[in-house]
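Let's take a walk through a protein model together. Have a look at the sequence and the structure first, and then we'll go through it piece by piece.

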Amino acid sequence: MSRTDKGRLDALQAALAAEHAAVYGYGVVGGRLGEERRTEARAAYDAHRARRDALAREVRDLGGEPVAAAAGYALPFSVPDSTAAVRLAAELEDRVAGVYSDLVRAAEGDGRAAAALALREAAVRAARWRGGSVAFPGLAERAGTVTAPPTA
């Protein structure tokens, strides 16, 4: 495996780990949200599940063994109510965007386009949950606020 392929595989595995964590996190979000935003949470949950499955296939196509989901994840803060659930959803999307920014850098061609699309979708979801956006989605997370794949 070339150095480029290894870097791409590592970035794919990080994105896959982030998607596993996001799927878990949205399970928490959905359980705490009020009815008015539950449809939005379900759509995000489904999107992350689809991306997770696609990333696992891509890892296998490169000859790798997809990183497995953890049995559970530590949440970054307590989520006792709907307000905290909305905050968690925005945090999950910010973390996923950060990992996809790494994949954009590591990928080429169609893979880079797919990673950029995933980054954009995460940034849009984060902005919707938060009620505002950041200047460079995915990059702010790399400036030291998030240094590891999300743990939900």
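## A word to know first

A residue is called buried when its relative accessible area is under 20%, exposed when it is over 50%, and partly exposed in between.

## The big picture

What you see is a predicted model. The protein chain has 4 helices and 0 strands, so from the N terminus on, the pattern is simply α-α-α-α. Of its 152 residues, 41% count as buried. The chain exposes about 7,800 Å², and carbon and sulfur atoms supply 53% of that area. If you look at contacts with a separation of 6 or more, 79% of them join residues 24 or more positions apart.

Find Arg32, which lies in helix 1. Is Arg32 buried, exposed or partly exposed? Its relative accessible area is 39%, which falls between the 20% and 50% cut-offs, so Arg32 is partly exposed. Leaving out residues up to four places away in sequence, Arg32 touches Val79, Pro80, Asp81, Ser82 and Ala85. Take Val79: it sits 47 residues from Arg32 along the chain, yet the two C-alpha atoms are separated by 7.5 Å.

Now go to Gln13, also in helix 1. With 19% relative accessibility, Gln13 is under the 20% cut-off and therefore counts as buried. What does the side chain of Gln13 reach? The answer is the backbone oxygen of Glu65, at 2.8 Å. Again leaving out residues up to four places away, Gln13 touches Val59, Glu65, Pro66 and Val67.

## A stop in helix 2

Ala54 has its place in helix 2. Ala54 and Leu16 are 38 residues apart in sequence, and their C-alpha atoms are 8.9 Å apart in space.

In soluble globular proteins, nonpolar side chains tend to be buried together. Here, the largest nonpolar core has 20 residues, and Leu12, Ala15, Leu55, Val96, Tyr100 and Leu103 touch the most other members. Helix 1, helix 2, helix 3 (82-106) and helix 4 (109-130) each supply at least two residues of this core. Helix 1 gives the largest share, with 7 residues. Apart from this core lies another one of 16 residues, among them Tyr26, Val29, Ala85 and Ala90.

## Helix 4 and its end

Helix 4 has 22 residues and reaches 32 Å from its first C-alpha to its last, close to the 32 Å expected at 1.5 Å a residue. Which residues of helix 4 are buried? They are Ala115, Ala118, Leu119, Ala122, Ala123, Arg125, Ala126, Ala127 and Trp129. An α-helix has 3.6 residues a turn, so residues three or four places apart point the same way. The buried residues of helix 4 pack against helix 1, helix 2 and helix 3.

After helix 4 comes Gly131, whose phi is positive, near 90 degrees.

Note on methods: Residues are numbered from 1 along each chain as its sequence is written. This is a predicted model: local features need pLDDT of at least 70, side-chain atom pairs count only at pLDDT 80 or more; totals for chains, interfaces and linings use all residues. Side-chain values use heavy atoms; hydrogens and water are left out. Buried means under 20% relative accessible area, exposed over 50%, partly exposed in between (1.4 Å probe, protein chains only). Contact means heavy atoms within 4.5 Å. A nonpolar core is a set of buried Ala, Val, Leu, Ile, Met, Phe, Trp, Tyr and Cys residues joined through side-chain atoms within 4.5 Å. The expected span of a helix is 1.5 Å times one less than its number of residues. A polar contact is a pair of N or O atoms within 3.5 Å; within protein, one must be able to donate a hydrogen and the other to accept it, and residues adjacent in sequence count only if both atoms are side-chain atoms. Accessible areas come from the Shrake-Rupley method with a 1.4 Å probe; for residues, only the protein chains shown count as cover.
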